[in-house]
Amino acid sequence: MTMNFDVIIIGGGLAGLTCGIALQKQGKRCVIINNGQAAIDFSSGSLDLLSQLPNGDRIDNFEQNYTALLEQAPQHPYCLVGKEKVLEKVQVFEQLAQQLNLSLVGSQSEGNHFRVTPLGGLRPTWLSPNSVPTVTGNTPFPYKNIAVLGIEGYHDFQPQLLADNLVQQAQFAHCNVNTGYLNIPELDHLRQNSREFRSVNIAQLLEHKLAFSDLISEIREAAKGAEAVFLPACFGLETQEFFTVLKQATKLELFELPTLPPSLLGMRQHKQLTAYFKSLGGFMMNGDKVISADVENQQVTQVYTQLHQEVPIKTKHVVLATGSFFSKGLVAEFEKIYEPIFNLDMCEIGSFKANDRMTWTQSRFSAPQPYHSTGVVIDGRCRVQKSGQFFENLYAVGNIVGGFNGIELGCGSGVAIVTALVAAEQIGGE
């Protein structure tokens, strides 16, 4: 007995789902094998394309700075696939986001905008949920009186810290920022257990168990006449619809900010992408993991999972979208860093060596760490390499790919999306 698919995608995060959606649209029969939560569930909801060059220069426009990126980071996935291909795939995803009603603002052609962070800073990014406060360039924020409201007893969002830092930003220097808290007695039983007093639990209660009129009254009273209100993202678990209705009912300019993980903004996107993949006929194997594979002549013929060790899954193509260290797509042991399923070649930049622990880090804690830039080696078609040879039908997409530091450069989401769509194009053009 065997299972057969055109494409096996290992990993169900942003990269895996984007690739799966594109392949299902092409008529391929895909399965996503997904083990546990993906990094997207912990993300801010904003998607970065490229915010900074390796030399530290902050940039506003990817297209205008591509040449500098190519000179400074020739192993970056964007440089491997090429400028035109990156721009093409970015546009494809922007159209997909509109089709799925992901409620994102921004575009590559307009350049980066700034989103307000939960600590009151400004971070450049490519796309953001339209419910998040954003500004463009040095343009002042359009509202002068702002109320930053937390939830009483909820420590993952600190209104006073946000307010103090926010007015230090030039775009908010003209604003009067006051703080307050929503007093919601129905949350008392959650407060008794700090593990349960998280954004997900709060959102479930606020949406399904609290009288809507009471919530409206509490927000309006706490806002004290402010034009704009900043809230933690605890309103609307499945989609943004509940938050939108809340905004209309309060007749206030409500904005939401991501909290400490898990993040509702990222989880909503994950749910919407997953639902669309399934609606196209894609198959999900959740709670399972690939443990080995059969390879013949640089081609993967079938894989075995933890729950189906006796039943191989045959395929024409495999896409590795397992992420980095967080999701165990990469593993760091005391003496080596490696990719655990296929033992693929690792990208080594500068003095970094995957088998030399002393080269993995810098002594300065806040400096970009060399191990953040490692991952598997790919070519311009996103095929992976082992022992110096590229596979014919094994691709890698997203944060498992080496050659870039997504934290330092602000490009993790963009790399996930671009490589996913490039791999899907290669497979579809077979």
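## Working through a predicted model

Leaving out neighbours within four places in sequence, T419 makes contact with P77, C382, A396, V397 and G398. Keep in mind that this is a predicted model. Now for some exercises.

**Exercise 1.** Work out where T419 sits, whether T419 is buried or exposed, and which backbone oxygens its side chain reaches.

*Solution.*
- Step 1: Find the element. T419 is part of helix 12, which covers residues 412–428.
- Step 2: Check the accessibility. T419 has a relative accessible area of 1%. Buried means under 20%, so T419 is buried.
- Step 3: Look for polar partners. The T419 side chain comes to 2.5 Å from the backbone oxygen of V415. A polar atom of that side chain also lies 3.4 Å from the backbone oxygen of A416.

**Exercise 2.** Decide whether K89 is buried or exposed, and list what K89 touches beyond four places in sequence.

*Solution.*
- Step 1: Locate the residue. You'll find K89 in helix 4, residues 83–99.
- Step 2: Compare with the cut-off. The relative accessibility of K89 is 6%, so K89 counts as buried.
- Step 3: List the partners. Skipping residues up to four places away, K89 touches V418, L421, V422 and E425.

**Exercise 3.** Describe the largest nonpolar core and find out which residues there touch the most other members.

*Solution.*
- Step 1: Start with the size. This core has 87 residues, and L50, F62, Y78 and F93 touch the most other members.
- Step 2: See which helix contributes. Helix 12 gives the most to this core, namely ten residues.
- Step 3: Zoom in on L50. Apart from neighbours within four places in sequence, L50 contacts I59, F62, L69, Y78, N112, L409, G410 and C411.
- Step 4: Look elsewhere. Another core of 46 residues lies apart from this one, and its members include L122, V135, A228 and C234.

**Exercise 4.** How many cavities of 30 Å³ or more are there, and what lines the largest cavity?

*Solution.*
- Step 1: Count. There's one such cavity, and the largest cavity holds about 60 Å³ of space.
- Step 2: Read off the lining: L49, L50, D60, N61, F62, S107, Q108, G111, N112 and W126.
- Step 3: Sort these residues. Four are nonpolar, five polar and one charged.

**Exercise 5.** Describe the second largest pocket: its volume and its lining.

*Solution.*
- Step 1: Its volume is about 380 Å³.
- Step 2: The lining has 22 residues, and I349, S373, G403, N405 and E408 are the closest to the centre.
- Step 3: By type, the lining splits into ten nonpolar, eleven polar and one charged.

Terms used:
Residues are numbered from 1 along each chain as its sequence is written. This is a predicted model: local features need pLDDT of at least 70, side-chain atom pairs count only at pLDDT 80 or more; totals for chains, interfaces and linings use all residues. Side-chain values use heavy atoms; hydrogens and water are left out. On a 1 Å grid over the protein atoms alone, a cavity is a set of points where a 1.4 Å probe fits but cannot get out, and a pocket is an open set with protein on both sides within 12 Å along at least five of seven lines; lining residues have an atom within 4 Å of a point. Grid points are joined across faces, edges and corners, and a volume is the space filled by probe spheres set on the points. Ala, Val, Leu, Ile, Met, Phe, Trp, Tyr, Cys and Pro count as nonpolar, Asp, Glu, Lys and Arg as charged, and the others, Gly among them, as polar. A nonpolar core is a set of buried Ala, Val, Leu, Ile, Met, Phe, Trp, Tyr and Cys residues joined through side-chain atoms within 4.5 Å. Buried means under 20% relative accessible area, exposed over 50%, partly exposed in between (1.4 Å probe, protein chains only). Helices (H or I, at least four residues) and strands (E, at least two) are DSSP runs, numbered from the N terminus. Contact means heavy atoms within 4.5 Å. A polar contact is a pair of N or O atoms within 3.5 Å; within protein, one must be able to donate a hydrogen and the other to accept it, and residues adjacent in sequence count only if both atoms are side-chain atoms.
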